[in-house]
Every structure is written in structure tokens, then in C-alpha cells.
Amino acid sequence: MSIIYKKESGTITIHTKNSSYQMRVTPHGFLQHTYYGRRIEDENMSYLFLNYDRACSGNPDEVYPSRKISLDTMAQEYPGYGVGDYRIHPISLRNSDGSRAVDFRYVGHEIKEGKYSIDGLPSSYDDGDGAETLIVTITDRVTKVTAELIYGVFEEKDIITRAVRVVNNGKGTVKLTRAFSMSLDIPYGKWDMIHFHGKHAFERQTEREPLGHLVKTVGSARGTSSHQENPFVIVADRNACEDFGECYGMMLVYSGGFKLQAEVDQFDSTRLVMGLQDEQFSWHLDAGDAFSTPEVIMSFSGSGLTKLSHNYHKFIRNNICRGKYKLARRPILINNWEATYFDFTDEKLLQIADEAAPLGIEMLVLDDGWFGERNSDNAGLGDWFVNEKKIKCGLKSLIEQINAKGLKFGIWIEPEMVNEDSELYRKHPDWALTIPGRRPNRTRNQLVLDMARPEVRDYLYGRIEDLLSNNHIEYVKWDMNRSIADAYSASAPEDRQGEVLHRYILGLYELMDRITTNFPDVLIEGCSGGGARFDAGILSYSPQIWCSDDTDPIKRLSIQYGTSFGYPVSTMGAHVSASPNHQTGRDTTIHTRGIVAMSGTFGYELDPSKLSDQDKEEIKEQIVQFKKHYDLIQNGLYYRLTEIKKDYYEAWEFAAEDGSEALLNVVATDVQPNPALMHIRLKGLESDAVYEIDDSDLKKYTEGCPPYLLADSVEVKRLTGDALMNAGYTLPWAFGTYPAFQMHFKKVK
Ligand code: GLA
């Protein structure tokens, strides 16, 4: 049993392998939060809280005449609003009498076997974990607005999930204006927030900032989880680093706008709240109606950031991703986008296939431009019919010819969008989100379809179903290339317009669910102008997401590094593209590009007919190498060995969970003359085991280096785990243009 209720003390305690989480029903019926941190057996943690008369922090009626209990100072599980707690809050609403108050007291709780699910929203699932569910009900005794606080417990994985169902059990209508998924009070400590900000082609950059008395907000109001912030945040002890210290992760399973706030209150207690974005949000609850929030995946690590990342990697891979390709090796693909952009014909695609197949590439993905009048990004979105001026032989025959060359076939779609210059828009202008009387905001010359409308989803389903049932398509890249503005639905009444953005996401999930249910063998790769919807919501339907439109391997390092804090490499779409790179003009070797892309789902995005024979040979080798180490890369433990941009090289490692092997990856980002000797300390090995070192790739790191700049060779072919982890491996001087290498360590005794 990982959830334990003790009547005498009123405590409900959740245990995971390495953490404990506790709340307590106080004698007055408040639901106090008492602890979340390292595992503690069998204690009532409410002893931590001493009640004082705090001037200016008022007291609820039940405790009268005592002045020592205040909602303004109490650590609470899910605080109300407008009744004397002035800190950031997870809920706000307007009652039918116009008042704004919501004041929760405990009603009861239920402990169940298995993992709950949430109506209309994706959430994690039990993958043979023996998960348990706790539902704690709290209510406002006057208005009868009730919140069911829902917890999922994955004991072995050190994961606790949370969601809330707000029910209007009163008689009048309630307007929810904020309904967050969680609130967490941490009464002690000095904390930093690590968040992952960015922009198009530069997503998930790692930033660490101290939390203080200013309220800090991380979020997106763009209708997508966004390039600019990711719905994953870490709150870490100020001294915490990769291998040491306490840290909490919070990840929202949601693909629309979100908000996380953090506040250190007047008595230095930290409160965190997280949920869907409340700007432009309101939700109408008639008597008896309920609203379900998305899920938050929480994890606590008492031993640093790496452990926290490992918890998330395992959980995302096993309990969020679904379907045939959840754990299976995905085909190594070649995508024609950066090879041709819109300028292709069936002959050109066949030529790419001809060149790609002998290299060992397994699938050709036809990107944007194959449908309607889509010859540039100004027209055609919405018209999901093959453009037979470009694909003269027809799609079916093209796919057959590609399959005959030994390649699978995949295709790009951007279902949620429409161009004004399209048949679809001309027929159904009201299907686009626009505000009456206002000219719309356009991004890339496109508008957003109203995914909340069933007829829009039915049209899209019909087009996608037609494509997938009549053609041998084994992969779909599902793109979404803009932030949402003009969130107004022609089909919703005036007082429901605040629901449009969330209903959009519910509609999106319904459509994705229909497609993945009816076409379970099709691999979907999520995409949103690169990585603007890199989140656990999309990962519930597509086990991989295109990480960024920046394919420059050097710039990719910080993108993949930031992404790795919350998401496993098996989710990160990464390709080898042409050099010079199309986004930055930077030249890099195919070797370096291969090493970076291999720490992702791995594929190519270039015109192979333009490659030198030498590069083609290298691609063949890369594919052999990737397949050889596939299991280690995708399922091994991922270690960040350098802190990004702090040195002249970046290093990361994959280690088998049992310590039997490891793969070290190094890229020199700033080659220096006469550098200091660097010792890379490996992680995750067995201390007293002996490892055989395959350093055959090192020659690429020093290629072209004049002999007088090379070290006297020292033959080190075997080292103990102890030596590698405590003293490290000495990095040779790098030479050339961003040289890189991989090194393999295999336990031999
Ligand atoms: C987005 C994607 C790219 C490509 C283009 C096509 O930017 O991220 O990979 O598919 O759209 O228009």
C-alpha cells in the first residue's frame, strides 16, 4: 500500500520508493499539506508547523477566538480564494451571487487500486506498476463548490500525479476563472527555479533563477505549450546539482496554454501552483456540472537533477507514450523538407529514395507541399488532396515505387490550420478562429481552425482517414505552425468564449485519439514549428516530437540538453541535415552531425544526391553504429556530463541500467590551442568492474592534426569503473571544425 490513512492523526501519507508526501485533516476540517520530500516512515509531519498569532493574517470563523490559526500562513493542499489567504492560489471563480470566495473544507477521501483517467484529456497510465489512486474531496460549505483532488501513485517510479475535478454541487451557475491542477507548499528551504525558455528554432534553453518574494510566472498564453516556455519546471535546492540535492519536478500533461507560479511568502514558505492558462479563460458550470483539469506529473529527487531526469525519462517512455512504437525502434527516416522545401516532383522524391535506400535509410517522409495549391506557404492548408501537378504518378503509385525500393513512406500534415487561399476556407470561412468585425492576425499567412467544432474535426478525420486507408502510409508528421490569436468561436455563445482555447485542445485530443485508435500501426511524430508543442499531452499520441527547426548540431546541443531534463531521447526528433546548415550557415562534419542526431530519434533531412562519396560512406557507418547502440541510447540512463556552455566541449553519456556498458559522446564547441587537460568522469558504471574501451572513433576528434600537436600515445584499452568514474577519462586536444567522437565502454569482468 503506497497510500496510508491514519484516522487518529488525520494524516494521509503517500509513499514512493524514495519520497513521501503527506496531508492532514485538521480538527477544524482544513486540509493541511504537511510534507513532500525524502521518504519518512510513519510520522505525523504536522509537528513541523507551530501556530502563532501573526498580526494581519486573519483567522477563519471555526477557530474563533483563537488568533493562532490562519489560512494565510497554513501550508495547504489546495487553497481556496478570497477568504484570508492572500498568496498565489490554484482556483478562482465567480459564484452565482457575484461573490468570489471559495473556502474549502475536507469532506472525505477514497483510496483505489489502479490509475485514474481524466475525461477528454490524456493522462499517464498504469504500465503494470500497481498504481494507486487517491481522491480527496473538499468543499465550500456555503456554495457547495467542490474540488476532488486526485492523486495517482507510481511507487517504484517515484512519481505522483495530480489532477482536480471541480464540481458545482450548488444550485446556481458558477463561472470558473482559474482551475489549476495543483498547489504545493514547501515550508522550508531556499529554492531555485529551473525553467526551459526559448523561441522558434531555439527551444528549451535552460535557465536557473532563485525564487524570492516576487511572484514568478512561467507560462504560455499562445494556445500551444509553446517555444517560449515548456510546461515542465524544476524547483531545486539552491545547492542542488546533477548528483546532489533536493529537487521537485512538475510537468503538465497538456498541449495548450499553461501557467506555473511560484511565490515565497512573508514567512519564507514557498508556494507553487500550476495548471492551464487562465488568461482569456472562463468556464461555465451550471448546477451539477464538472470541470476536469489536466494532469501534473510530479517527482521528487533527494539526490540531484540526474535522478529527477531519470524518473521522468522512464515515466514518459513507459507511462505516457503508447502504441506500437512506444518502445520499438522507429525507422531511420529521410525527410525531404530541407532537401527540396516546396520545390519537388515525384521524380525528385524517387531520386531521393534511390540514393537513400543503399545508405541503410528505412523511410522517406514527404514533408509540406504535396497537397492542394501548396507551392509556397501562402496557400493550400486545409485542402488535403494530392496535388497531381507535382505528384504526377499519384500518391498511391509514388508510395508503391518508394516501397519497392525498400523504404517505408511517411507524410506531413498540418490539420489544424487553414489558408484563406484554399478551397476549404472559401467554403467554410466560419471554421477559422476569427473575431467578428476584426481583421485576423496571420502567422505564416495561415489561420487556425476551430478544433472545438465537431464538424471541423469530422472533416479533418475524413481527410486523414482517406489518406491513411487508401495509401500505404506508415508515419505521419503532425505539424501546427503558429500560436493562436483571435480565440473566438463562431459556434459558441457570448458567455462561453472563455472556453474556446481549452475546448480547442480537447478537440485536438479527440481527433488524435480517433486517429491513433483507428490507425494504431501508424507512427505519429508531433511538430509545431519545430518544438512549440513538446509536451506530455502530445507524447500521449505520438512517441516522438520534432525537437526544433534548428538542425545546426552545435545549436542543437543546448536544445537537446534542455529537453533532456524532462524528456527521454526517444522522444526527441533529431536529423542530420546539410552543411553549411540552412539556419545558421555553419559548417560541421557529417560525423559531428551524426553524433548529435543519434542522441534523438535519428534521421536525415538533406538531399543525398548532393553528398560526397565519403559522406555517404560515413552515413552508412552511422546507421550501423546507431543500430548497434540503439538499445543503450534509447533505453539506457542518460547523463549530462557537462553543464551547457560552461566549457569548450559538451559531453553526455548513455549507461546501461545494469552498468554493463556505456557510450560517451563528446563535441568540441570551441576548439582551443594548447588547452587544459580535461578529465571526463563517467557515471553509472560498476565500481569494481573492468571495462574494455573502444576508442576507434577518437581519430575523428583529432583528424588533420599535425603530429607535433598530438600526445605521445598511451595505450589504455581497459580501465576499472572506479577509475573511470572517480578519476575519469582524459580528453585529447580537439582539432578541426567542431570535432566529435563517441567512445564505448563494455564491462568485461
Ligand atoms: C515546420 C516544421 C518543419 C517543416 C515545415 C514545413 O516549420 O517544423 O519541419 O515541416 O513546417 O512547412
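Let's start at arginine 67, which sits in the loop between strand S4 (31–38) and strand S5 (91–94). Strands here are DSSP runs of E with at least two residues, helices are runs of H or I with at least four, and both are numbered from the N terminus. Keep in mind that this is a predicted model, where local features need pLDDT of at least 70, side-chain atom pairs count only at pLDDT 80 or more, and totals for chains, interfaces and linings use all residues. Residues are numbered from 1 along each chain as its sequence is written, and side-chain values use heavy atoms, with hydrogens and water left out.

Is arginine 67 buried or exposed? Arginine 67 is exposed, because its relative accessible area is 55%. (Exposed means over 50% relative accessible area, buried means under 20%, and partly exposed is in between, with a 1.4 Å probe and protein chains only.) Leaving aside neighbours within four places in sequence, arginine 67 is in contact with Tyr52, Asp53, Arg54 and Asn59; contact means heavy atoms within 4.5 Å.

Proline 65 is found in the loop between S4 and S5, and the peptide bond leading from tyrosine 64 to proline 65 is cis, with omega near 5 degrees. Cysteine 56 is in the loop between S4 and S5 as well. Although cysteine 56 is not a glycine, it has a positive phi of about 70 degrees. Cysteine 56 counts as exposed because its relative accessibility is 77%.

Another cis peptide bond runs from serine 579 to proline 580, with omega near 0 degrees. Proline 580 is in the loop between strand S30 (575–577) and helix H10 (590–598). Lysine 645, also not a glycine, has a positive phi of about 60 degrees. You'll find lysine 645 in the loop between strand S32 (637–640) and strand S33 (649–655), and it is exposed, with a relative accessible area of 53%.

**Two buried spots**

Serine 181 is part of strand S10 (residues 174–186). Why does serine 181 count as buried? Because its relative accessible area is 0%. Its side chain is joined to that of threonine 293 by a polar contact of 3.3 Å. (A polar contact is a pair of N or O atoms within 3.5 Å; within protein, one must be able to donate a hydrogen and the other to accept it, and residues adjacent in sequence count only if both atoms are side-chain atoms.) Not counting residues up to four places away in sequence, serine 181 touches several others, including Arg162, Leu252, Met274 and Pro294.

Glycine 245 is in the loop between strand S14 (232–237) and strand S15 (247–252), and it counts as buried, at 6% relative accessibility. Glycine 245 and serine 301 are 56 residues apart in sequence, yet 7.8 Å apart in space, C-alpha to C-alpha. Residues up to four places away aside, glycine 245 touches Ala240, Ser301, Gly302, Ser303 and Gly304.

**The cores**

A nonpolar core is a set of buried Ala, Val, Leu, Ile, Met, Phe, Trp, Tyr and Cys residues joined through side-chain atoms within 4.5 Å. The largest one here has 184 residues, and Leu176, Ile234, Met250, Trp370 and Phe409 have the most contacts inside it. Helix H7 (residues 500–518) supplies the largest share of this core, 8 residues. Another core, of 28 residues, lies apart from it, and Tyr639, Tyr649, Tyr701 and Leu724 are among its members.

**Around the ligand**

How many residues surround the ligand? There are 13, and the closest are Asp367, Asp368, Lys477, Gly530 and Asp549.

| Residue | Distance to a ligand oxygen atom |
|---|---|
| Tryptophan 412 | 3.0 Å |
| Lysine 477 | 2.7 Å |
| Aspartate 479 | 3.0 Å |

The ligand has 310 Å² of accessible area on its own, and the protein covers 96% of that. These areas come from the Shrake-Rupley method with a 1.4 Å probe; for residues, only the protein chains shown count as cover.

Conventions:
Near = heavy atom within 4 Å.
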